Amino acid sequence: MIYLEMNHVKKNFDDLEVLKDISLTVEEGEVVSIIGPSGSGKSTLLRCATLLETMDCGDLSYLGKKAVTMENGHSVYEKPAVLGKIRENFGLVFQNYNLFPHYNVMRNLCDAPIHVQKRQRDEVEQQAKELLYKMGLTGKEKAYPCQLSGGQCQRVAIARALMLNPKVLFFDEPTSALDPELTGEVLKVIRSLAEMHMTMVIVTHEMAFAREISDRILFMDQGVVVVEGTPKEVFSSENNRMKGFLGKFRDK
């Protein structure tokens, strides 16, 4: 089943063309990684997919339900009530966690399920405890984000996204703000989600991790998808831009 479908997406910021006719399909249980140099449009594509940015052209669907349609060459968004229901299909983990600093860990996890999804507090709190256990964070329920390491904050952010039971989980460079040791903690969690066949779209600079975990990889450069395929196909590509990017990565 197709969980996410984007067709002919274009996005400009004033005179800067950031996305140039990009299409993306993600099927149930698939892990898709998006790689490429800074400024290639990776994060903008994710923000369009999660309705944080407005597309200029293109359409967007989740599980066959249209969030955005193309009319007369422009993107037309559904009404807020429809978009609100569609948002329940996905979760997003940001680079810098975006936890509420004045909420403790438990409240960060439980606030949206209780007040937005109107679920029972007992059920929500039980789910939160189970997720914190899976994230290796048992005992941190009453801690505030300022009392946690970066790796712990990012694991709380992943747990918070999972609390809403999303069909698709997006990661926008989830380890870019972390040192190598803490990066390993977060990648271990994402790897475990992949083993559970969680549908994920991951923007990452971790090349070895992308190669290991992905079913499919998109290499973006200058607002277009230059190479797309299995990890083996992408990393062995003879495309000059791809080879140049991997060469810079290996030189670091």
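This is a predicted model: local features need pLDDT of at least 70, side-chain atom pairs count only at pLDDT 80 or more; totals for chains, interfaces and linings use all residues.
Strand S4 (residues 57–62) is joined to strand S5 (residues 65–71) by three bridges, and the two run antiparallel; two strands count as paired if DSSP finds at least two bridges between them.

Residues are numbered from 1 along each chain as its sequence is written. Local features need pLDDT of at least 70 and side-chain atom pairs count only at pLDDT 80 or more, while totals for chains, interfaces and linings use all residues, and side-chain values use heavy atoms, with hydrogens and water left out.

S4 and S5 belong to an open sheet of five strands, ordered S2-S1-S4-S5-S6 with antiparallel pairing. Strand S2 (16–27) and strand S6 (74–77) are the edge strands, each pairing on one side only. From one strand to the next the twist averages 20 degrees, with axes taken as lines fitted to C-alpha atoms, for helices over the stretch in contact, and angles running from 0 to 180 degrees between N-to-C directions.

Helix H1 (residues 42–49) lies across strand S1 (2–13), S2 and S4, at about 120 degrees to S1, contact meaning heavy atoms within 4.5 Å. Helix H2 (residues 80–87) lies across S4, S5 and S6, and runs at about 130 degrees to S5.

## The S10–S11 hairpin

Strands S10 (residues 216–221) and S11 (residues 224–229) run antiparallel and are joined by five bridges, with Val227 in S11 as the bridge partner of Phe219. Two residues lie between the strands of this hairpin, and Gln222 in the turn has a positive phi of about 55 degrees.

Methods: Helices (H or I, at least four residues) and strands (E, at least two) are DSSP runs, numbered from the N terminus.
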